[in-house]
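Here are my notes on this model, as numbered points. Please read them with the structure open.

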Amino acid sequence: MSGKITFTMIKPDAVAKGHTGKIIDHVIQKGYKLVAMKYTRLSEEKAGEFYAIHRERPFFKDLIAFMTSGPIVAAVLEKENAVADYRNVIGATDPAKAEVGTIRNLYAKSIDANAVHGSDSDENAAIEAAFFFNGFERF
Ligand code: CMP
């Protein structure tokens with residue numbers, strides 16, 4: 001039976017520190033199937049589009065500067081209850097509040113450099129996955 005999807009990014013801090021392989025393994029161990037994956041770098045324009053809902057927030061400028069500071073890994077993950085379960089796998093946005101054993105607890109240092117992104121709804125998972133991948137790049 002095929003499950004629902006969520007979208008994730010391994011952010012520039014985690015990629016730069018060499019955590020990519022450990023994070024991908026962590027996600028697979030939690031029962032997710034990788035259905036698409038891409039190593040890339042966001043332009044300012046692309047990052048602004050991806051984070052458009054945060055445009056008016058005080059942290060927007062720093063968020064865009066950080067997300068364009070180095071390469072990222074974008075991926076689409078499939079599993080039953082993919083979105084909600086993945087939020088538990090990655091932990092709270094602020095790593096200081098992330099539960100022990102979550103990806104942000106293990107690999108993140110600050111609320112900006114928080115290692116990974118995870119979709120917050122099924123609707124956004126579909127939008128975010130389509131932002132990075134076309135139908136032919138998902139398996
Ligand atoms: P992410 O889930 O990728 O989406 C927006 C990002 O903004 C978030 O992760 C954080 O890394 C970053 N951010 C910085 N400050 C805040 C804040 N006060 N609240 C929420 N997100 C923040």
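**Notes on the predicted model**

1. Start with T102. This residue is buried, because its relative accessible area is 5%, and the cut-off for buried is under 20%. The model is a predicted one. T102 sits in the loop between α5 (82-90) and α6 (103-107). Its side chain makes a contact there: the side chain of T102 reaches the backbone oxygen of E99 at 2.6 Å.

2. Next, the ligand site. Which residues are around the ligand? They are K11, Y51, H54, R57, F59, L63, T93, I111, D112, N114 and H117. By class, this shell divides into 4 nonpolar, 4 polar and 3 charged residues. The ligand takes up the space of the largest pocket.

3. Now the polar side chains at the ligand. Y51 places a polar side-chain atom 2.9 Å from an oxygen atom of the ligand. For H117, a polar side-chain atom is 3.0 Å from a ligand oxygen atom. For N114, the distance from a polar side-chain atom to an oxygen atom of the ligand is 3.2 Å. How much of the ligand does the protein bury? Taken alone, the ligand exposes 450 Å², and the protein buries 79% of that. When you check the site, look at Y51, N114 and H117 together.

4. N81 is not a glycine, yet its phi is positive, at about 55°. N81 lies in the loop between β3 (72-79) and α5. Is N81 buried or partly exposed? N81 counts as partly exposed because its relative accessible area is 46%.

5. The other is A115. Its phi is near 70°, a positive value in a residue other than glycine. A115 belongs to the loop between α6 and β4 (116-118). A115 has 0% relative accessibility, so it counts as buried. Both residues are in loops, N81 between β3 and α5 and A115 between α6 and β4. Their accessibility classes are partly exposed for N81 and buried for A115.

6. F7 lies in strand β1, which covers residues 4-10. With a relative accessibility of 0%, F7 is therefore counted as buried.

7. R87 is in helix α5. It is classed as partly exposed because its relative accessible area is 38%. R87 and G118 are 31 residues apart in sequence, and their C-alpha atoms are 6.5 Å apart in space.

8. Last, E137. This residue lies in the segment after α7 (122-132). At 29% relative accessibility, E137 is counted as partly exposed. Which C-alpha separation goes with E137 and K38? It is 9.4 Å, for two residues 99 apart along the chain.

9. Buried residues include F7, T102 and A115. Partly exposed ones include E137, N81 and R87.

Conventions:
Residues are numbered from 1 along each chain as its sequence is written. This is a predicted model: local features need pLDDT of at least 70, side-chain atom pairs count only at pLDDT 80 or more; totals for chains, interfaces and linings use all residues. Side-chain values use heavy atoms; hydrogens and water are left out. A residue is near a molecule or strand if one of its heavy atoms lies within 4 Å of it. A polar contact is a pair of N or O atoms within 3.5 Å; within protein, one must be able to donate a hydrogen and the other to accept it, and residues adjacent in sequence count only if both atoms are side-chain atoms. Accessible areas come from the Shrake-Rupley method with a 1.4 Å probe; for residues, only the protein chains shown count as cover. On a 1 Å grid over the protein atoms alone, a cavity is a set of points where a 1.4 Å probe fits but cannot get out, and a pocket is an open set with protein on both sides within 12 Å along at least five of seven lines; lining residues have an atom within 4 Å of a point. A molecule sits in a cavity or pocket if more than half of its atoms lie within 2 Å of its grid points. Ala, Val, Leu, Ile, Met, Phe, Trp, Tyr, Cys and Pro count as nonpolar, Asp, Glu, Lys and Arg as charged, and the others, Gly among them, as polar. Helices (H or I, at least four residues) and strands (E, at least two) are DSSP runs, numbered from the N terminus. Buried means under 20% relative accessible area, exposed over 50%, partly exposed in between (1.4 Å probe, protein chains only).
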